[in-house]
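Hi,

Here is the structure I promised to pass on. Have a look first, and my notes follow below.

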Amino acid sequence: MRLFLIVFFVVYGGLHLYAFSKVRAAAVLNVFGAAALALFMLVMTAAPVIIRVSENHGYETFARIMAHVGYTWMGVLFLFCSVSAAIDLYRLVIHAEELIMRKNLSLLIPSARVALVVPLSLSLLIALYGYFEAKDIRAERLVITTPKLPPGVEKLTIVQISDVHLGLVVREERLKKILALVKEADPDIFVSTGDLVDGQLARLNGLAEMIGAVTPRYGKFAILGNHEYYAGLDQAIAFTERAGFTLLRGEAAAGVITVAGVDDSAGKAFSGYRPVSESGLLAGLPRDRFTLFLKHRPVLDKESRGLFDLQLSGHVHKGQIFPFSILTYLYYPVHSGYSPLPGGSRLYVSRGSGTWGPPIRFLAPPEVTIIELVSGSGTERGKKGAVPP
């Protein structure tokens, strides 16, 4: 955790320095303006710490305002630096062509002011669009034919939410939209694949009760994501259970299907983590009954393949803001959607139902996932499609 924070602030501070250098190169601010911008950037760099400390000491209103400002700025800064980096790469290519062709191509190189105005304009426009995309929660449908449903059960509907991040930014309004899609799907089983909460849960009054109003026929199951540990394990568990979920921590629940779940690996750095052998847990489950495996990160244990029928994961948000999704794809080859696996197993990775940090999504809309298990032959027929809102 300490290493993560060090890396985060080094990278985040570096983005601020890069953006500041672009402003200075464009010479659009005098000394006092540059000093004011530098002070603002210092405060924004420290904003995650300021937010957490304020929240811990009960200054919730200030923390919420700071969260909206600080995290929105984080999204805008990332977009600005991404577009600026693309322009810098273009300028580098032009300079290389000048050297190779021995020609003056300076007319093709944007000025420092243009190199500031274009990324700033684009980042603000994309952030505005992304703010509304983050509110456009979509239902995604996955249909799987399986011979492993009990006699008399022709279809079973499972609804997955993931990465809701209830806290200072994601509140009642967003949760109502998520739960409206959940209730419309009329689930037989309702699952949360981690990061349901984010922040000081003692002040999330009434949100657990809103989730608790969803009462599927065959139960509600949840696992711990990394943010449950960051928010405080005891209160995260209390919130999840108050919402009506059965928390699976290296264990399985038998019913119309078998549902198994494990803690997120981030818990290794915290007390209260329950280590478990995934393959050992899954190998002991009946193979004639459909096994649903809940695991926060879309990381696959080679020894577990073939021991479960469907793994539901989240965590990645499909990068949340493009082009960050390029990095998440490199680290998690399946960072969104459905993928068949060797041994007859399957993996589905949710884009997440809420947002972490910036209340912005770009080319990664939030989702509620509806999985329909249909009784039939063992032929693989997984299908994915959008459900109109």
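This is a predicted model: local features need pLDDT of at least 70, side-chain atom pairs count only at pLDDT 80 or more; totals for chains, interfaces and linings use all residues.

Which residues does Pro298 touch, not counting residues up to four places away in sequence? They are Gln311, Ser313, Gly314, His315, Val316, Tyr332, Val334 and Val349, where contact means heavy atoms within 4.5 Å.

Residues are numbered from 1 along each chain as its sequence is written, and side-chain values use heavy atoms, with hydrogens and water left out.

Back to Pro298: it lies in the loop between strand E8 (291-294) and E9 (helices, H or I with at least four residues, and strands, E with at least two, are DSSP runs numbered from the N terminus). Pro298 has 8% relative accessibility and therefore counts as buried (under 20% relative accessible area; exposed is over 50%, partly exposed in between, with a 1.4 Å probe and protein chains only). Between Pro298 and Leu248 there are 17 Å in space, C-alpha to C-alpha, and the two are 50 residues apart in sequence.

Now the sheet. It is open, has six strands in the order E6-E7-E8-E9-E11-E10, and its pairing is mixed (two strands pair if DSSP finds at least two bridges between them). E6 (251-254) and E10 (337-340) are at the edges with a single partner strand each, so one side of each has no neighbour in the sheet. From one strand to the next, the twist averages 20°. E9 (residues 310-313) pairs with E11 (residues 346-349) in the parallel sense over three bridges, and Gln311 has Leu347 as its bridge partner in E11.

Over in strand E10 you'll find Ser339. Its relative accessibility is 16%, so Ser339 counts as buried too. Ser339 touches Val334, Arg346 and Leu347, again leaving out residues up to four places away in sequence.

Last, the helices. H3 (residues 47-56) and H4 (residues 60-101) pack at about 160°, with axes 9 Å apart (axes are lines fitted to C-alpha atoms, for helices over the stretch in contact, and angles run from 0 to 180 degrees between N-to-C directions). H3 and H4 are therefore roughly antiparallel (over 145 degrees; under 35 is roughly parallel, 65 to 115 roughly perpendicular, the rest oblique). Residues making the contact include Ile50 and Ile51 of H3 and Phe62 and Met66 of H4.

Cheers
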